Amino acid sequence: MKEKNKILLFNPKSANSKQRIPNSILQVGASVFGRFEFVFVDGNLERDPWSVIESYFESGEFSYFCCTVMPGPQLRQAIPFTKRIKDNFPDSVTIWGGYFPSNQYKVSIEAYYVDYIINGPGDVAFPSLIECLESKNLTELNEIKNLIYKDENGAIKKTAKEPLLDQDKLPRLPYENLNQFYDLKSYLHRTFLGKKTFSYHSSVGCPFTCSFCAVVPVYEGRWKARSASNIYKDVSYFKDRYQIEAIEFHDNNFFTSRERVVEFSKLILDDGISWWGEGRIDTINKYSDEELKLMREAGCKMIFLGAETGNDDILKQMNKGGTQTGQMIKDFVIRMGKADIIPELSFVLGMPADTPKKVMEQIDWDIKFIKEIKELNPNAEIIIYLYSPVATEGSELYEQIQNAGFSFPDKLEDWLDPSWENFDLRKNPLTPWLTPAMVDKIQNFETVLNGYYPTATDFRVTGLKRSIIKGISNFRYKSGFYKYPYEIKALHKIWKYRQPEIEGFYSE
Ligand code: B12
Ligand code: SF4
């Protein structure tokens, strides 16, 4: 009889083009490499992933359907496929991991078709769970850290969190193994940074506890990183084997340790590789001008930064920790201009306030601030999100949003509703304090802004097209008349203006 303990690791579709290496399932694969047999199915590269999954399970060799889940579009495959597995192969075990089930764990584990959730890092939790299930000794489940499950009485159990592991001691990602399923070259795309861009995740968590951020409930202000020399080893492997020209670092906060960034910059200085990462303004503002210069010479072309707002009171309310102020954002974009590194600033508009008038005033204030930033550094890229609350229970902001009448769906399938998907994309808030007029104002301003300042990183809108859009948006931008910007929208549509806030990072 065939052994029936194989594992299927599934990455639901999250991108229509420029698919990235599915680091989440790759790292989960690393954790069981050599111990259990596993296969990868990448929804980003399969035309019909369900038929691939089904044929694996029909072979009778698979027991474990394991799925990584981010909020938003990934749910479109994660939910129905997991349900079908449970319905069609009732003996199978379904395991979810990633930010969605870690944060929305109640609604996820309540679904009859999700058996287990790995809450945060799965490097030890996942192999321990499989071993426990294989040994059929379920009494030991509660000793596995980072696990969420229902006990025999149907009560939800959330086990203790494991301390973050030494990232240098984790097993190497099984790239060659993934390559047997999907040619690694299909993950190395042309971006603003270079012809073949490699995606890498070099640290876990974040030392800050911003009240609106999904990383906080999972990592609780902890951060641990791979050393610069270890990152460089992997980069060199991809440079030698695949001639990569660029890297996008997927860390929540790549620049947390200045020493690590400086050391990495020195290592990669002569490789001619461009790179991008996410950081905090108040952290990077502590870097010296020489260090910024070194980073730029070493290939750091652009940094994504959560500016959120220039209003110091709201910054406090967001509990960003650290020392960021509106003035610091202004000083910082000037420094970045001098260092020739593009600051990509994300703003969150539409925070709750006591009265609708105050909400609107704050929106107007933020719009004015963003315009000032653009004047100080026209190359600064601006990304505007509508505030979508994350349930960081216990925070003041969480109480405020609950009091304002907001709540998440109480059934997993309800997350498939288009309005919730848009909520995850931070495009259509279901937040009761934002009126349609407010949402329109923010979105219309964004259209006019993108018209007046076409994004520097979009290689599809260049030359004459750029000047035309800019010319047409000029009056609106300067006069503050943002309503009904249909003519700009039409041009963006024709020339396929990208939306970095939906499509992912700068470099789509
Ligand atoms: C790469 C990435 C993407 C890629 C696609 C990734 C893919 N899978 O194909 C793209 C750019 C398409 C993307 C899009 C979006 N993303 Co995204 N993305 C990331 C990013 C930067 C890295 C993910 C990653 O590879 N991590 C590396 C791996 C190793 O870490 P990990 O996923 O945490 O995995 C570990 C554990 O979580 C666990 N685990 C994870 N999955 C599984 C599965 C199983 C079975 C098990 C056992 C364990 C397990 O074990 C792993 C190893 O320890 C994360 C932030 C981050 N740093 O993680 C955001 C992040 C996940 N994305 C996020 C969001 C919101 C989105 C969007 C929905 C919206 C947006 N505005 O960006 C869009 C959706 C658009 C779309 N079309 O789908 C948020 C989620 C927030 C939340 N509320 O939960 C994050 C956390 C960013 C953030 N800080 O806001 N994303
Ligand atoms: S600094 Fe960024 S990643 Fe860290 S908690 Fe704040 S928003 Fe989240």
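In which sense, left-handed or right-handed, does helix α9 pass helix α10? The crossing of α9 and α10 is right-handed. Before going further, please keep in mind that this is a predicted model.

**Two helices in contact**

Helix α9 covers residues 228–242 and helix α10 covers residues 258–268. Their axes come within 9 Å and cross at roughly 35 degrees. On the α9 side, the contact is made by Ala-228, Ser-229, Ile-231, Tyr-232 and Val-235. From α10 come Arg-260, Glu-263, Phe-264, Leu-267 and Ile-268. Sorted by kind, the residues of this contact are seven nonpolar, one polar and two charged.

**Strand β1 and its partners**

Now let us turn to strand β1, residues 6–11. Five of the six residues of β1 are buried, so the rest of the structure largely encloses this strand. β1 pairs with β2 in the parallel sense, over five bridges. With strand β3, residues 62–68, β1 also pairs in the parallel sense over five bridges.

Leu-8 is a handy place to look, with Val-39 as its bridge partner in β2 and Phe-65 standing opposite it in β3. Phe-10, in turn, stands opposite Val-41 in β2.

How much of β2 is buried? Four of the five residues of β2, which spans residues 38–42, are buried, so this strand too is largely enclosed by the rest of the structure. To get from β1 to β2, the chain crosses through helix α1, residues 23–32. This β-α-β crossover is right-handed.

Here are some of the facing residues discussed in this report, side by side.

| Residue | Facing residue | Strand of the facing residue |
|---|---|---|
| Leu-8 | Val-39 | β2 |
| Leu-8 | Phe-65 | β3 |
| Phe-10 | Val-41 | β2 |
| Thr-191 | Gly-194 | β9 |

**A closer look at Phe-65**

Phe-65 has its place in strand β3. Is Phe-65 buried or exposed? It has 26 C-beta neighbours inside 10 Å, and therefore Phe-65 counts as buried. Leaving aside residues up to four places away in sequence, Phe-65 touches Leu-8, Phe-10, Thr-82, Ile-85, Ser-92 and Thr-94. Ile-367 makes an interesting comparison: Phe-65 and Ile-367 are 302 residues apart in sequence, and their C-alpha atoms are 46 Å apart in space.

**The seven-stranded sheet**

Elsewhere in the chain, seven strands form an open sheet, in the order β8-β9-β12-β13-β14-β15-β16. The pairing in this sheet is mixed. Which strands stand at the edges? They are β8 (189–191) and β16 (381–386), and each has a single partner strand, so one side of each is left without a neighbour in the sheet. From one strand to the next, the twist averages 30 degrees.

Terms used. Residues numbered from 1 in each chain as written. Chains lettered and ligands numbered in written order. Predicted model: local features only at pLDDT ≥ 70, side-chain atom pairs only at ≥ 80, totals over all residues. Buried ≥ 20, exposed ≤ 12 C-beta atoms within 10 Å, placed from the backbone. Pairing = 2+ DSSP bridges. Right-handed = clockwise from strand over helix to strand, strands pointing away. Axes fitted to C-alpha atoms, helices over the stretch in contact; angles between N-to-C directions. Left-handed = near helix turned anticlockwise from the far one by under 90°. Contact = placed C-beta atoms within 7 Å. Nonpolar A, V, L, I, M, F, W, Y, C, P; charged D, E, K, R; others polar.
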